[in-house]
Amino acid sequence: MRMTLKKNLLNLKAVIMAGGKGTRLSPLKPILDICGYPMFFWVYKTLLNFTREIYLAITPTSPLIFTCFKKIITEGKGYEYDVVAVIRKLGFPTLIVPSDTPFIPKEAILSLFSCKKSICSLVARNGFVGISLWNKLDLKDYENVYYDGDIINVNTFNDYNAAKNLCKDMEYS
């Protein structure tokens, strides 16, 4: 496991998917404040534990277009379509993480590296959260990797309030 993990991390790229239309909450969702930082930044901080090659996947109208982060501009045709477009641009291995999952446990991401399939999708106790590791572009060769914990996915105002309420219970810098 340790050798495979080192090999995967050596060339790993990570992408924060932040180009959604925001129809369920707000088009500004990636930059909504969570514990003093924009929501996407919490994802970024978690990904720094695995790689320094981190991109934002956004549309040309995204509020993140002027940030100093590396970007991949997508067509905004939908999450799955944009993920495949990003994968085609970056190659493998690539970790895909949505911007609306601010508090991802490191062990949840680590669990993906034990998967040997082309596409490894993380399933938390509360369901799919859009986090996946892509080792090849073979849509028929996939595996769900189960994580025995919840991962907050901010899609509604109630989810947003739940995430903000966690700020009171956690230490962060």
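A few ground rules come before the views. Because this is a predicted model, local features need pLDDT of at least 70 and side-chain atom pairs count only at pLDDT 80 or more, while totals for chains, interfaces and linings use all residues. Residues are numbered from 1 along each chain as its sequence is written, and side-chain values use heavy atoms, with hydrogens and water left out.

**View 1. A disulfide ties cysteine 35 to cysteine 167.** A disulfide here is a pair of cysteine sulfur atoms within 2.5 Å, and searching the whole structure turns up two of them. In this one, the S to S distance is 1.7 Å. The link spans distant parts of the chain, 132 residues apart: cysteine 35 sits in the loop between β2 (33-34) and β3 (37-38), and cysteine 167 in the segment after α5. (Those labels come from DSSP runs, numbered from the N terminus: helices are H or I with at least four residues, strands are E with at least two.) The torsion about the S-S bond is about -95°, so this disulfide is left-handed. Cysteine 35 is buried, at 7% relative accessible area, and cysteine 167 is buried too, at 13%. Buried means under 20% relative accessible area, exposed means over 50%, and partly exposed is in between (1.4 Å probe, protein chains only).

**View 2. Cysteine 115 and cysteine 120 make a disulfide.** Their sulfur atoms are 2.1 Å apart. With a torsion of about -80° about the S-S bond, this disulfide is left-handed. Cysteine 115 counts as buried at 3% relative accessibility, and cysteine 120 is buried at 0%. Count the bonded cysteines along the chain and the disulfide pattern reads 1-4, 2-3. For contrast, look at cysteine 68: at 78% relative accessibility, this residue counts as exposed.

**View 3. Arginine 125 and aspartate 150 pair up in a salt bridge.** Side chains of opposite charge can pair when their charged atoms come close. The rule used here asks for a side-chain nitrogen of Lys or Arg within 4 Å of a carboxyl oxygen of Asp or Glu, and by that rule there are six salt bridges. In this pair, the closest N and O atoms are 3.5 Å apart. Arginine 125 lies in the loop between β7 and β8 and aspartate 150 in the loop between β9 and α5 (157-166), so the pair ties together parts that are 25 residues apart in sequence. Salt bridges with shared partners join Arg125, Asp148 and Asp150 into one network. Arginine 125 is exposed at 53% relative accessibility, while aspartate 150 is partly exposed at 46%.

View 4. Lysine 117 is partly exposed, at 33% relative accessible area.

**View 5. Threonine 101 is a buried loop residue.** Find threonine 101 in the loop between β6 (94-98) and α4 (106-112). Its relative accessibility is 0%. Which residues does threonine 101 contact, leaving aside neighbours within four places in sequence? They are Val43, Val129, Ile131, Ile151, Ile152 and Asn153, where contact means heavy atoms within 4.5 Å.
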